[in-house]
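Subject: Structure handover

Dear colleague,

Please find the structure below. My notes on it follow.

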Amino acid sequence: MSPLATAFRAELAAVLGDKQVRMIVLLALILYAVIYPLPYRAELLRDVPVVLVDQDGSTASADLARRVDASEAVALTHRAPDMAEATRLVHERRAYGVMLIPDGFERALLRGDQSPVALYADASYFLMYQRVMQGAAVPLRQMGAEIEAGRLIAQGTPRAVATAQVSPAVQVEVPLFNPAAGYATYVLPAAFVLILQQTMMMGLALAATRRGPLPGHPVWRLLGRAGAWLAIWAGLLPVYLIVLPVLYGLPILGGPGALMMLGLPFLLAAGFLAQLVAALFRRGEVVQVVLLALGMPFFFLSGFAWPVEAIPAHLNALAQLIPSTAAIDGLVRVTQMGATLPEIAPILWHLWALAAGLGLVVLAVETVSPSRPAAPDRGPTAPSDSPAR
């Protein structure tokens, strides 16, 4: 049997024949696919509980409270007589914001004066903070515009002119590439790529630390193992990139062909990176700890938790060496923007160059450092007893 075929079969056996590796590769898919997306299925935060402190008790204050409560963002679930009681409710996490309508609110409006309304929101929950501010600010602006337009009309200004003076421009919001403007549509495509990369790297790196020496030239050994990765993940890749997004109602504007062309170099690059980690750290328990520690940096450097434009240049350059960074960018362009293959060509070249570069590094490391003998089989906990090279 040729060294290429031997390496192919050995890698398949190392990944699918080891119970712990098989659980990482297959069971993690089921757990992540079911558990991770569930909290985000609602897309938007709705009816965030807010405390109302109405010190005016007037018709105008009641109208404002009704408008705010009718918004989808917040719900006035509690009414407190003073700020002390409202603060207590926030501290108990029974509410995440306070709207204070001061005494004299209606009287100031009737005189034509400004009447401030205080909004307090829990900024330790950033999404809660944004929704509270948005849910109260929009009704406040609408009410202010209506009062000002009514005052102008009472002074003899034609209705159309008064409306134009109060609102000279009409704001029309169009959420591009995310029609629901939802959190799930934003976060889940990138999360699926990161989950695929993390589980693949952990499984392949752990398998590499348990695999015995293989015959033949290092080039054929590496190519044979890479063929095994593609054979295994060729069935998992569509699940992550197509099936799961469809099940959770995420937009897919691009064709499956573009997604698969994007996934091929991504799988190779992630697999070579896993081999590099295994070759550098050698022991299974160390490899798992290292990859777990790298999970959060990979997440934050990927460019969707924090905008790429706001990441320091040296960290952004480092992020380009991580396969998921380019893969997430390409996936979003294909699925949400409908990009075609020519339009994502720079990303494809980036991933292929990354796969080739990592492959050459792994080849050099494995050529310089010969493979160690396989560790004795002691079950899932055996890596901690395996000898180092």
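Which residues does D122 touch, not counting residues up to four places away in sequence? D122 touches R93, Y96 and Y129, where contact means heavy atoms within 4.5 Å.

Before the rest, the basis of these notes: this is a predicted model, in which local features need pLDDT of at least 70 and side-chain atom pairs count only at pLDDT 80 or more, while totals for chains, interfaces and linings use all residues. Residues are numbered from 1 along each chain as its sequence is written, and side-chain values use heavy atoms, with hydrogens and water left out.

D122 is found in the loop between β4 and α6; helices (H or I, at least four residues) and strands (E, at least two) are DSSP runs, numbered from the N terminus. With a relative accessible area of 11%, D122 is buried. The classes are buried for under 20% relative accessible area, exposed for over 50% and partly exposed in between, with a 1.4 Å probe and protein chains only.

Y129 lies in helix α6, residues 126-154. Its relative accessibility is 28%, so Y129 counts as partly exposed. Apart from neighbours within four places in sequence, Y129 is in contact with A121, D122 and A123. Y129 and G97 are 32 residues apart in sequence, and their C-alpha atoms are 7.7 Å apart in space.

**The sheet**

Four strands form an open sheet with mixed pairing, in the order β2-β1-β3-β4; two strands pair if DSSP finds at least two bridges between them. The edge strands are β2 and β4 (118-121), each of which pairs on one side only. On average, neighbouring strands of this sheet are turned by 30° against each other, direction ignored. For angles here and below, axes are lines fitted to C-alpha atoms, for helices over the stretch in contact, and the angles run from 0 to 180 degrees between N-to-C directions.

β1 and β2 run parallel and are joined by five bridges. P49 stands opposite A75 in β2.

Two helices can be described against this sheet. Helix α4 (residues 83-91) lies across β1, β2, β3 (97-101) and β4, and runs at about 165° to β3. Helix α6 packs on the sheet and touches β1, β2, β3 and β4, its direction making about 160° with that of β4.

H78 is found in strand β2. At 19% relative accessibility, H78 counts as buried. The side chain of H78 makes a polar contact with the side chain of T77 at 2.8 Å. A polar contact is a pair of N or O atoms within 3.5 Å; within protein, one must be able to donate a hydrogen and the other to accept it, and residues adjacent in sequence count only if both atoms are side-chain atoms. Leaving aside neighbours within four places in sequence, H78 is in contact with V50, V51, L52, L89, R94 and A95.

**Salt bridges**

How many salt bridges does the structure hold? There are 14, a salt bridge being a side-chain nitrogen of Lys or Arg within 4 Å of a carboxyl oxygen of Asp or Glu.

One of them joins the side chains of R46 and E72, at 3.6 Å from N to O. R46 lies in the loop between α2 (19-35) and β1 (48-54) and E72 in the loop between α3 (59-70) and β2 (74-79), so the pair ties together parts that are 26 residues apart in sequence. R46 is partly exposed, at 45% relative accessible area, and E72 is partly exposed at 44%.

R225 forms a salt bridge with E366, with the closest N and O atoms 2.7 Å apart. This pair links distant parts of the chain, 141 residues apart: R225 is in helix α9 (residues 218-247) and E366 in helix α14 (residues 345-368). Both R225 and E366 are buried.

In the salt bridge between D63 and R66, the closest N and O atoms are 2.6 Å apart. D63 and R66 are separated by about one helical turn, because they are three residues apart in helix α3. D63 counts as partly exposed, at 23% relative accessibility. A network of salt bridges links D63, R66, R67 and E146.

**A helix pair**

Helix α10 (residues 256-281) and helix α13 (residues 323-335) pack at an angle of about 170°, with their axes 10 Å apart. α10 and α13 are therefore roughly antiparallel to each other. Angles under 35 degrees count as roughly parallel, over 145 as roughly antiparallel, 65 to 115 as roughly perpendicular and the rest as oblique. The contact is made by residues including L262, F266 and L273 of α10 and A327, L331 and V334 of α13.

Regards
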